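Work through the exercises below with the sequence and the 3D structure open. Try each task before reading its solution.

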Amino acid sequence: MPLPHYHVTAAIIRKDGRILITRRPTGSHLAGYWEFPGGKQEPGENLEQCLARELTEEIGIKVRVDEMFLEVEHAYPDKRISLHVFECTPLSGTPDTLQCSELKWVPPTDLAGFTFPPPDLKVIEKLIRPERSDS
């Protein structure tokens with residue numbers, strides 16, 4: 001029997017050279033892990049709508065969903081996910097812990113010091129590695 005598959009969105013929100021991360025609440029899948037804010041796509045939503053809704057519900061901000069940053073495929077023992085990570089521009093509101101236990105603004109180079117779910121590690125790699133030029 002195939003594993004259930006979910007599309008999950010996440011946001012890269014930048015401010016003053018730092019990136020917003022949130023901590024998963026007690027009782028949730030991977031409770032206590034840090035993540036880039038976002039969540040699971042609901043029926044009838046496109047990925048951008050999903051991410052905008054999740055950010056409003058989880059941390060109380062409205063954003064403009066900008067370009068795709070990275071897509072990551074990952075299989076957990078009980079499910080598969082496609083993680084769709086977007087750059088986002090805050091439009092209104094101040095991030096608050098509505099559905100997360102904690103939030104922090106962290107320099108990209110410090111992200112490796114936090115415990116993230118496996119798919120997020122690929123996002124961190126891309127955030128901290130210098131872009132290569134073809135020169």
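**Exercise 1.** Decide whether Arg-23 is buried, partly exposed or exposed, and find its salt-bridge partner.

Solution. Step 1: buried means under 20% relative accessible area, exposed over 50%, and partly exposed in between (1.4 Å probe, protein chains only). Step 2: Arg-23 has a relative accessible area of 29%, so Arg-23 is partly exposed. Step 3: a salt bridge is a side-chain nitrogen of Lys or Arg within 4 Å of a carboxyl oxygen of Asp or Glu. The closest N and O atoms of Arg-23 and Glu-102 are 3.3 Å apart, and the two residues form a salt bridge. Step 4: Arg-23 lies in strand E2 and Glu-102 in strand E7, 79 residues apart, and the pair links distant parts of the chain. Helices (H or I, at least four residues) and strands (E, at least two) are DSSP runs, numbered from the N terminus. Step 5: Glu-102 has 28% relative accessibility and therefore counts as partly exposed.

The model is predicted: local features need pLDDT of at least 70, side-chain atom pairs count only at pLDDT 80 or more, and totals for chains, interfaces and linings use all residues. Residues are numbered from 1 along each chain as its sequence is written, and side-chain values use heavy atoms, with hydrogens and water left out.

**Exercise 2.** Is Glu-58 buried or exposed, and what is the nearest side chain of opposite charge?

Solution. Step 1: Glu-58 sits in helix H1 (residues 47-59). Step 2: Glu-58 is buried but has no salt bridge. Step 3: Lys and Arg count as positive and Asp and Glu as negative; His and the chain ends are not counted. The nearest side chain of opposite charge is Arg-24, 6.2 Å away. Step 4: contact means heavy atoms within 4.5 Å. Not counting residues up to four places away in sequence, Glu-58 touches several residues, among them Pro-37, Asp-96 and Gln-99.

**Exercise 3.** Locate Gln-99 and list its contacts.

Solution. Step 1: Gln-99 is in the loop between strand E6 (80-92) and strand E7 (102-106). Step 2: at 43% relative accessibility, Gln-99 counts as partly exposed. Step 3: leaving aside neighbours within four places in sequence, Gln-99 is in contact with Pro-25, Glu-57 and Glu-58. Step 4: the C-alpha atoms of Gln-99 and Pro-25 are separated by 7.1 Å, although the residues are 74 apart along the chain.

**Exercise 4.** Describe the backbone angle phi at Asp-16 and at Leu-30.

Solution. Step 1: most residues other than glycine have a negative phi. Step 2: Asp-16 is not a glycine, yet has a positive phi of about 50°. Asp-16 is in the loop between E1 and E2 and is exposed, with a relative accessible area of 67%. Step 3: Leu-30, also not a glycine, has a positive phi of about 60°. Leu-30 is found in the loop between E2 and strand E3 (34-35).
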